[in-house]
Amino acid sequence: MLRLATNKGFMISNINNYNANYGGGEVNVLISLSKFGIDTKMIAKVSNNDIGEGIINYLNSHRVNTSQVQKGEERMGIYFLEVGSGNRASKVIYDRANSAFSNMKVTDLDIEKALEDVDLFHFSGITLALSKELRELTMNILKHCKKNNILVSYDSNYRAKLWTIEEARQATLEILPFVNILSAGILDAENILKMNCEYEDKYEKLSHYYNEINKTYPNINHMFSSIRTIQSVSVNTLQCNYYTEGKLYTSKEYIIDDIVDRVGGGDALTAGILYSILNNKEAEYLVEFATASSVLKYSIYGDANLVNVDDVENLMQYGAGKIAR
């Protein structure tokens with residue numbers, strides 16, 4: 001997508017210039033994984049014009065393989081970001097209807113060729129929300145992944161501005177039997193999967209929900225989410241939770257002050273999880289690496305996390321001054 005963002009202190013309703021760059025959930029994850037030394041490939045469709053070419057150049061500049069990025073006559077999707085300040089939260093306005101990617105169809109992709117030599121396929125609920133055609137294409141990809149033992153990672157990433165809870169629920173129930181790695185939190189469990197429990201403690205509640213999801217879908221053997229508290233737009237705390245083999249692991253809680261850009265923090269967390277799984281890291285390392293990766297993203301302008309493994313591990317080892325508990 002094309003991102004158009006205000007400067008801090010300005011509102012969309014009262015501005016005449018924007019800062020432009022590119023972004024999007026799956027793109028952010030791929031770029032971060034590329035920075036961690038993982039070979040990545042994007043499946044997408046962009047506009048057949050200079051903006052589409054700019055996006056391809058952007059991906060290539062970050063070592064993301066674009067051989068499966070198609071071109072179409074439709075426009076690029078756009079999102080407008082009003083950067084918050086103090087107690088005024090950031091605001092996002094989507095302009096994605098009838099974009100090139102939302103119109104991508106099954107016939108646009110040779111799935112077998114696109115997933116050749118692929119170990120893991122990652123996608124999000126935002127992709128499912130965009131169109132019926134994309135949901136059909138995604139289901140075909142998931143069936144191919146299951147048949148060929150390709151890991152599947154899914155980030156629920158619900159966006160109320162794109163679809164309803166009921167639409168998200170129906171799509172989620174359809175894809176979960178094919179998922180191995182799930183990013184979903186307490187609100188996803190309660191609002192999308194209609195789960196409930198008597199626990200009040202957030203960690204007990206999350207552990208219970210993950211246990212129940214694993215019972216229903218034993219194919220999902222990795223689950224994770226973050227807990228973020230907002231003191232102001234510039235100061236947050238962040239902590240990650242990771243569930244596997246019946247146990248919930250929790251990371252240290254970081255204080256993130258002087259936030260430069262919050263967009264992409266969740267994608268940076270996901271990339272940290274996927275990097276650790278692909279490299280067979282222990283659960284204790286995984287949960288700390290993912291959290292530190294996300295924390296560092298908050299210091300970087302734009303959607304993508306541009307740090308490497310050494311940067312993350314240095315924060316894990318020496319970042320005691322930023323740790324709340």
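A polar contact, as the term is used in these legends, is a pair of N or O atoms within 3.5 Å, where within protein one atom must be able to donate a hydrogen and the other to accept it, and where residues adjacent in sequence count only if both atoms are side-chain atoms. The structure is a predicted model, in which local features need pLDDT of at least 70 and side-chain atom pairs count only at pLDDT 80 or more, while totals for chains, interfaces and linings use all residues. Residues are numbered from 1 along each chain as its sequence is written, and side-chain values use heavy atoms, with hydrogens and water left out.

View 1. K45 belongs to strand β3 (residues 40–47), where helices (H or I, at least four residues) and strands (E, at least two) are DSSP runs numbered from the N terminus. The relative accessible area of K45 is 11%, so this lysine is buried (buried means under 20% relative accessible area, exposed over 50% and partly exposed in between, with a 1.4 Å probe and protein chains only). Its side chain makes a polar contact of 3.5 Å with that of D108. Beyond the neighbours within four places in sequence, the residues in contact with K45 include Q70, E74, F101 and M104 (contact means heavy atoms within 4.5 Å).

**View 2. L269 and T270 in helix α9.** L269 lies in helix α9 (residues 265–278), and T270 is in helix α9 too. L269 is buried at 4% relative accessibility, and T270 is buried at 1%. Not counting residues up to four places away in sequence, L269 touches F224, S225, S226, C240, A290, T291 and S294, whereas T270, with its neighbours within four places left aside, is in contact with V29, H122, D155, S183 and F224.

**View 3. The buried face of helix α6.** In helix α6 (residues 165–175), the buried residues are A168, A171, T172 and I175. Seen down the axis of α6, these residues fall within an arc of 100°, so they line one face of the helix (the arc is that of the directions from the helix axis to the C-beta atoms). Among the elements that cover them are β7 (120–124), α5 (132–147) and α7 (186–192).

**View 4. The second largest pocket.** This pocket holds about 630 Å³ of space. Of its 28 lining residues, those closest to its centre are L30, K41, L120, F121 and H122, and the elements that give two or more residues to the lining are α1 (25–35), β3, β7 and α5. On a 1 Å grid over the protein atoms alone, a pocket is an open set of points with protein on both sides within 12 Å along at least five of seven lines, a cavity is a set where a 1.4 Å probe fits but cannot get out, and lining residues have an atom within 4 Å of a point.

**View 5. Two residues with positive phi.** K194, a residue other than glycine, has phi near 60° and is found in the loop between α7 and α8 (202–216); K194 is partly exposed, with a relative accessible area of 47%. D258, also not a glycine, has phi near 55° and sits in the loop between β13 (254–256) and α9, where D258 is exposed at a relative accessible area of 62%.

Terms used. Points joined across faces, edges and corners; volume = space filled by probe spheres on them.
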